[in-house]
Structure formats: structure tokens, C-alpha cells
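Morning, everyone. Please look at the structure on the screen while I talk.

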Amino acid sequence: MNSFYDVLTKFRRLTLITAGVILAAQAGVPIAHSLPSQESNSGAAILPAPIKAERDRHAARQKVFGDWTAVVTSAEAADPSSDTDADERRSVGDFAAPQGVAVDMHGDLYVTDTAQQKVFKVSRDGRRQNVGSGYMVPQAVAVDAAENVYVADSQAGVIYKVTPTGTQSTVGSGFYMPMGLAVDAAGNLYAADPWNDFVAQIKPDGTQTNIGSGYGSPVGVAVDSVGNVYVADTYNSSVYMITPSGTQTTLVSNLV
């Protein structure tokens with residue numbers, strides 16, 4: 001049990017470590033300084049210094065035009081009238097640590113950013129809008145046909161739903177570390193939890209059912225047009241398929 005805990009702990013920290021190394025390299029910070037130390041006493045992840053610095057930098061450089069966020073210079077912040085191309089700047093925005101992505105039926109992109117602890121919508125013309133915030137470590141993201149956005153917060157153990165009007169609520173329960181999300185044509189949500197070793201289906205009415213269990217570490221999940229669910233188990237190096245009737249088969253194994 002201890003070795004399994006170690007595997008999951010390392011996996012949870014891998015995203016922060018990777019993002020920290022990338023940001024450290026860009027900033028010229030020694031790699032050793034980019035690695036996270038220990039978790040806090042409350043169990044919350046401690047952001048690596050480069051990621052925290054990047055998040056703080058964004059907070060200092062951003063101003064908001066309605067719902068759209070634009071990155072501006074300090075001179076423009078002091079004198080808004082000098083920002084003559086504000087409309088164009090509304091399409092500008094860089095991410096600190098993008099993690100999960102999803103695309104809706106219109107071709108708009110949704111991105112989770114673990115460093116900024118937000119979810120952004122990027123339209124096809126490049127305009128970026130913040131559609132969700134206040135998360136701890138937003139990982140996976142999915143969007144249904146009605147443009148409801150689902151966010152898996154792996155550190156909080158919560159899955160959130162954000163409606164097109166911006167209303168946010170919690171969906172599902174019993175998760176410890178949700179990492180993968182997928183949604184089918186009927187609006188059923190699928191979530192993979194590598195800590196609890198199960199994959200759950202959450203229907204639009206909130207009914208939750210575990211449709212797969214006994215994995216080593218299910219991280220990725222996808223669903224096709226006929227309702228077959230695919231599960232990537234990193235610990236067992238396998239990919240499984242679960243049919244709508246609940247039959248589970250191994251599609252691929254020994255992925256090393």
C-alpha cells in the first residue's frame with residue numbers, strides 16, 4: 001500500500017514539477033530551485049517558486065475589459081488612454097502552466113491552467129475569456145453539447161460544472177483525485193480517479209454510478225459516439241474498453 005501511495009503522490013506532483021522545470025528554464029532559474037518541496041500540513045500542494053512567480057506576474061500585469069482579459073504594460077495601466085489598441089490586446093494572453101484542453105462544437109478551446117488556477121475559453125479568433133476560477137489544481141476539462149464546462153480539480157477532489165451563464169456548481173462525489181474527464185453526446189460525464197481506482201459515470205440528473213474498478217491507476221478517459229468508454233491505466237500499462245452494457249475488455253496492454 002505504501003508503494004502505491006508513493007506512485008500516486010509522485011504522479012500528482014509530476015505536473016507541478018514539469019511546469020516548474022519549464023518555467024525555470026525560461027526564466028534562467030536553476031532547475032533544482034524549480035522543484036516543489038513537501039506538501040503543506042493540510043495536504044495542499046505547494047506551488048514551485050517559478051510557477052508562483054508567474055502567477056503573481058500575471059496578477060500584476062492584467063487588467064480587464066468587460067469579460068475579456070488583456071495583458072498591458074505598466075505605462076498603459078497608469079494611463080489607459082495610451083492603450084490605443086485595446087480591442088486587439090483583448091485577444092492576447094499567455095498561459096503559465098496549461099494542463100487540460102477540450103474543444104466545443106463551435107471550435108472554441110477550453111484550457112485549464114494549474115498555475116493561475118483558472119479555466120479559460122479561447123475562441124477561434126483568439127479572444128480569451130476566464131470562465132472559471134478559485135480552483136486548487138485544475139487538471140482535466142470537458143465540454144458538452146450545451147456548452148457546459150466540467151473541471152476536475154485533482155487537489156480538491158472535486159468536479160465542477162460551469163454553465164454558459166457562468167454559474168458554477170459541484171457535480172459527483174466520492175472522488176479523491178479526479179484526473180480524467182470525458183462527456184458523451186447525451187451529456188453523461190465520465191471521470192477517472194487514480195487514487196480510488198474507479199471510473200464513474202455522472203448523468204445530467206446527478207445520478208452517479210461506478211462503471212469500472214480494479215485498476216492500478218486510471219488517469220485518462222474517453223468516450224466514443226456509441227457510448228464505449230476507454231480507460232488508460234498507467235500503473236498496469238493498459239487501455240480498457242467498457243461497453244454501454246458494462247462489459248470490460250483489455251484493448252492494449254504492456255504499454256511500456
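Let me start with a definition: two strands pair if DSSP finds at least two bridges between them. Helices (H or I, at least four residues) and strands (E, at least two) are DSSP runs, numbered from the N terminus. One example of facing residues is Pro218, which stands opposite Asp233 in β16.

Now the ground rules. This is a predicted model, where local features need pLDDT of at least 70 and side-chain atom pairs count only at pLDDT 80 or more, while totals for chains, interfaces and linings use all residues. Residues are numbered from 1 along each chain as its sequence is written, and side-chain values use heavy atoms, with hydrogens and water left out.

Next, the overview. The chain has four helices and 18 strands. Of its 256 residues, 44% are buried. Buried means under 20% relative accessible area, exposed means over 50%, and partly exposed lies in between (1.4 Å probe, protein chains only).

Back to β16, residues 229–233. Its side chains alternate. Val229, Val231 and Asp233 point to one face and are buried. Which strands does β16 join through five bridges? One is β15 (residues 218–223), running antiparallel. Another is β17 (residues 238–242), also antiparallel. β15 and β16 have five residues between them, and Gly227 in the turn has a positive phi of about 95 degrees. β16 and β17 have four residues between them, and there Ser237 has a positive phi of about 55 degrees.

On to β9, residues 158–162. Is this strand mostly covered or mostly open? Covered: four of its five residues are buried. β9 pairs with β8 in the antiparallel sense, over five bridges. With β10 (residues 168–171), β9 makes four bridges, again antiparallel. The turns have glycines with positive phi. Gly157, between β8 and β9, is at about 70 degrees. Gly166, between β9 and β10, is near 100 degrees.

Now the interior. In soluble globular proteins, nonpolar side chains tend to be buried together. A nonpolar core is a set of buried Ala, Val, Leu, Ile, Met, Phe, Trp, Tyr and Cys residues joined through side-chain atoms within 4.5 Å. The largest one here has 14 residues, and Ile159, Phe175, Leu181 and Leu189 touch the most other members. Elements giving two or more residues to this core include β7 (138–143) and β8 (149–153). Which strand gives the most to this core? β13, with three residues.

Then the charges. A salt bridge is a side-chain nitrogen of Lys or Arg within 4 Å of a carboxyl oxygen of Asp or Glu. By this rule the count is one. Lys121 and Asp108 form that bridge, at 3.8 Å from N to O. Lys121 sits in strand β5 (residues 118–122), and Asp108 in the loop between β3 and β4, 13 residues apart. Are these two buried or exposed? Both are buried.

Last, the outside. Val103 lies in strand β3 (residues 98–103). Val103 counts as exposed because its relative accessibility is 53%.
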